[in-house]
Protein chains: 2
Amino acid sequence: MQENIHLSLAQARNLSHNTLTKAGFSKELASAVTDTLVACERDGCKSHGLYRLLVCVKTLRAGKVNPVAEPLITRVAPALLKVDADQGYSLLALEKAADSFTEMVKQQGIAAMVINRCVHFSAMWYDVEKFTDRGLVALAMTPSHAWVAPAGGTRPLFGTNPIAFGWPRVDGDPYVFDFATSAIARGDLELHRRDSKTLSPGLGIDKEGQPSTDPAAVMEGAMLTFGGYKGSALATMVELLAGALINDFTSPESLAFDAGTGSSPMGGELVIAMDQLKFMGETPKDAQQKAESIFTAITDQGARLPSQRRFTNRKVSVTEGITLDRKLYEDIVSL
Amino acid sequence: MQENIHLSLAQARNLSHNTLTKAGFSKELASAVTDTLVACERDGCKSHGLYRLLVCVKTLRAGKVNPVAEPLITRVAPALLKVDADQGYSLLALEKAADSFTEMVKQQGIAAMVINRCVHFSAMWYDVEKFTDRGLVALAMTPSHAWVAPAGGTRPLFGTNPIAFGWPRVDGDPYVFDFATSAIARGDLELHRRDSKTLSPGLGIDKEGQPSTDPAAVMEGAMLTFGGYKGSALATMVELLAGALINDFTSPESLAFDAGTGSSPMGGELVIAMDQLKFMGETPKDAQQKAESIFTAITDQGARLPSQRRFTNRKVSVTEGITLDRKLYEDIVSL
């Protein structure tokens with residue numbers, strides 16, 4: 001028996017949609033979640049791909065996500081849109097508000113979209129690409145569960161607190177980065193524990209606050225931020241902007257809400273977007289060219305632009321489909 | 001003879017103002033620059049304090065700053081303010097636009113201030129505190145001179161590209177961070193070279209692109225970003241947002257403009273500010289308390305909040321004044 005099975009993107013979409021609706025999610029929510037899961041599989045981001053169907057159903061069964069959520073959109077200020085996700089996934093709120101938010105940004109120059117009361121498990125690049133596709137520059141962030149210690153500290157406080165940024169380019173794929181402010185992704189840490197692999201130094205501490213390379217000890221202790229006190233400052237900023245400022249859960253509150261069920265983080269997300277044309281003024285081509293010069297200067301010296309591997313995978317998957325681990329496929333089908 | 005001389009803050013202010021006007025700067029520009037120089041001395045940030053008077057006069061004599069600049073403010077979109085600094089220092093543009101920008105932010109919820117065609121040498125925390133003082137959350141960034149290589153690269157491209165963030169707190173000093181996206185500050189690198197001190201590993205490369213701990217070799221080669229590819233992505237974002245997006249100099253353009261004169265960087269600055277009350281909604285005290293809980297959780301485990309040393313120094317200097325190296329004082333007086 002082959003270890004992998006092959007699926008076209010349409011088949012992957014059907015598998016996801018059927019699994020989610022069978023579990024009790026509304027068609028709308030199933031569709032919004034399916035969009036990101038299939039996009040991640042397509043781009044080779046397995047950690048945020050169809051595997052997450054298992055987590056979605058687990059979160060549903062734990063009562064930690066509203067499977068029939070109906071997002072409510074409110075313009076609370078000329079440049080501020082709030083979407084109450086009704087305890088559904090962030091993705092449906094994002095989908096529903098994307099067009100009116102884009103219009104707002106083009107009118108105002110810059111605007112913020114706040115998603116409140118959402119369950120969040122998806123890759124942040126997906127959220128910023130939603131807006132680079134519409135010609136906007138976008139910055140997005142969200143807290144998660146309190147797993148990461150501040151620089152100089154000994155106990156978990158921050159989430160992995162990803163920050164994603166996207167810049168639409170004149171031709172082809174946008175410039176997009178998306179990284180956790182933790183020194184290692186939570187999923188990577190879990191894989192190290194599952195495979196009993198030692199961690200590189202500097203990624204985590206044990207529950208006594210001592211440096212540790214044992215993944216199990218780090219999961220009982222805390223992960224560290226990337227880049228020392230600077231990464232720690234950025235992680236704090238994410239708690240402030242996408243937690244306190246939007247009056248939603250910080251990472252400790254999300255973990256408390258989880259109550260040991262192993263569900264996806266609950267809370268809010270902040271997206272700030274800017275209209276290139278409004279900012280660039282009378283000579284937008286010159287300004288776009290400045291950006292292109294930076295990209296060229298990066299790649300000309302052998303350095304890489306982020307997301308390039310994803311875009312390469314994407315081109316292949318669109319025609320050739322994706323492969324899925326057979327065990328994972330069977331686990332999904334038996335949900 | 002004593003090595004240090006003592007100055008009250010009023011005396012420091014007079015020294016700075018007289019030096020700048022004598023050199024040919026307008027009273028307005030001298031006043032705006034003096035504000036930040038004295039604030040830095042007061043906070044113990046000597047690298048951005050009165051020592052910079054020497055750089056200001058050098059930049060003036062090189063013809064790289066307009067000493068009688070008159071900033072022009074334009075509201076180009078409901079949430080977007082542009083200030084043309086007229087090739088003067090960013091500080092006068094910031095000072096002149098601060099009140100109208102604050103009003104815009106309070107009306108719109110979020111807004112951006114673009115400073116174009118400015119000379120920039122000052123500490124970024126000063127710029128964000130201008131807005132935390134007015135009750136706003138603020139994020140600021142600027143490119144500089146191309147001194148820093150992208151992760152995986154071999155040649156200088158980015159500036160030290162600082163990012164500063166400020167959050168007004170209910171009582172007392174704001175939460176403020178301000179860091180270079182380079183692994184070491186330019187001034188620190190220069191001090192290491194002057195004192196012939198070896199650098200820690202991982203901060204720079206020589207002109208062949210090889211890792212080096214020799215400060216002179218790194219100044220001929222390139223500095224590295226903090227935090228590997230993540231810091232490199234943030235440095236890229238600063239070039240894009242505070243260079244290309246605002247249609248102003250990127251760091252390579254600023255360095256080219258400098259033409260070997262050793263002047264301060266020329267280009268633009270981006271400030272994004274948000275109104276806490278508009279974002280927080282109906283229960284702002286709860287939201288503020290979420291932020292305070294994060295700060296308490298940081299300090300309770302022995303970790304530090306950024307800028308605390310500055311705020312401590314500030315309390316002392318306001319009553320006791322500052323000390324200045326006698327040699328520096330004499331260099332300033334003889335300008």
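Trainee: Are B:R310 and B:D43 buried or exposed?

Mentor: Both B:R310 and B:D43 are buried. Keep in mind that this model is predicted.

Trainee: How do I read a pair like that, and how far apart are the closest N and O atoms of B:R310 and B:D43?

Mentor: Start with the general idea. Side chains of opposite charge can pair when their charged atoms come close. In this case, B:R310 and B:D43 form a salt bridge, with 2.7 Å between the closest N and O atoms. The pair links distant parts of chain B, since B:R310 belongs to helix α12 (residues 308–320) and B:D43 to the loop between α2 (27–42) and α3 (52–61), 267 residues apart.

Trainee: How do I tell whether B:D331 and B:K327 are exposed or partly exposed?

Mentor: Check the relative accessible area against two cut-offs: under 20% is buried, over 50% is exposed, and in between is partly exposed. B:K327 has 53%, so this residue counts as exposed. B:D331 has 28%, so this one counts as partly exposed.

Trainee: Which residues of chain A are joined into one network by salt bridges that share partners?

Mentor: The members are A:R42, A:D43, A:E129, A:R310 and A:R314. Over all chains, the structure holds 38 salt bridges.

Trainee: How many salt bridges run between chain A and chain B?

Mentor: The count is two. One of the pairs that cross is A:E253 with B:K290, where the closest N and O atoms are 3.0 Å apart. A:E253 sits in helix α9 (residues 251–258) of chain A, and B:K290 in helix α11 (residues 284–300) of chain B. A:E253 is partly exposed at 28% relative accessible area, while B:K290 counts as buried at 13%.

Trainee: Now the whole contact. What area is buried between chain A and chain B?

Mentor: About 5600 Å² is buried, and carbon and sulfur atoms give 72% of that. On the side of chain A, the residues A:L245, A:F279 and A:Q301 supply 14% of the area buried against chain B, more than any other three residues. The contact takes 72 residues from chain A and 72 from chain B.

Trainee: How many residue pairs are in polar contact there, and which helix of chain A gives the largest share of its side?

Mentor: There are 20 residue pairs in polar contact between the chains. Helix α8 (residues 228–244) of chain A gives the largest share of the side that touches chain B, with 10 residues. By class, that side has 45 nonpolar, 17 polar and 10 charged residues.

Trainee: Why is it said that the copies meet through the same surface?

Mentor: Compare the two lists of interface residues. Of those in chain A, 100% are also interface residues in chain B, so the copies meet through the same surface.

Trainee: By what turn can chain A be laid on chain B?

Mentor: A turn of 180° with a shift of 0.0 Å along the axis does it, with an RMSD of 0.0 Å. The two copies are therefore related as by a two-fold rotation axis.

Trainee: Which residue of chain A comes closest to the rotation axis?

Mentor: That is A:G227, whose C-alpha is at 2.1 Å.

Definitions and conventions:
Residues numbered from 1 in each chain as written. Chains lettered and ligands numbered in written order. Predicted model: local features only at pLDDT ≥ 70, side-chain atom pairs only at ≥ 80, totals over all residues. Heavy atoms only, no water. Least-squares fit on C-alpha atoms with pLDDT ≥ 70 in both. Contact = heavy atoms within 4.5 Å. Salt bridge = Lys/Arg side-chain N within 4 Å of Asp/Glu carboxyl O. Helix = DSSP H or I, 4+ residues; strand = E, 2+ residues; numbered from the N terminus. Buried < 20%, exposed > 50% of the residue type's maximum accessible area, 1.4 Å probe, protein only. Buried area = accessible area lost by both parts, 1.4 Å probe. Polar contact = N/O pair within 3.5 Å; in protein donor to acceptor, adjacent residues only side chain to side chain. Nonpolar A, V, L, I, M, F, W, Y, C, P; charged D, E, K, R; others polar.
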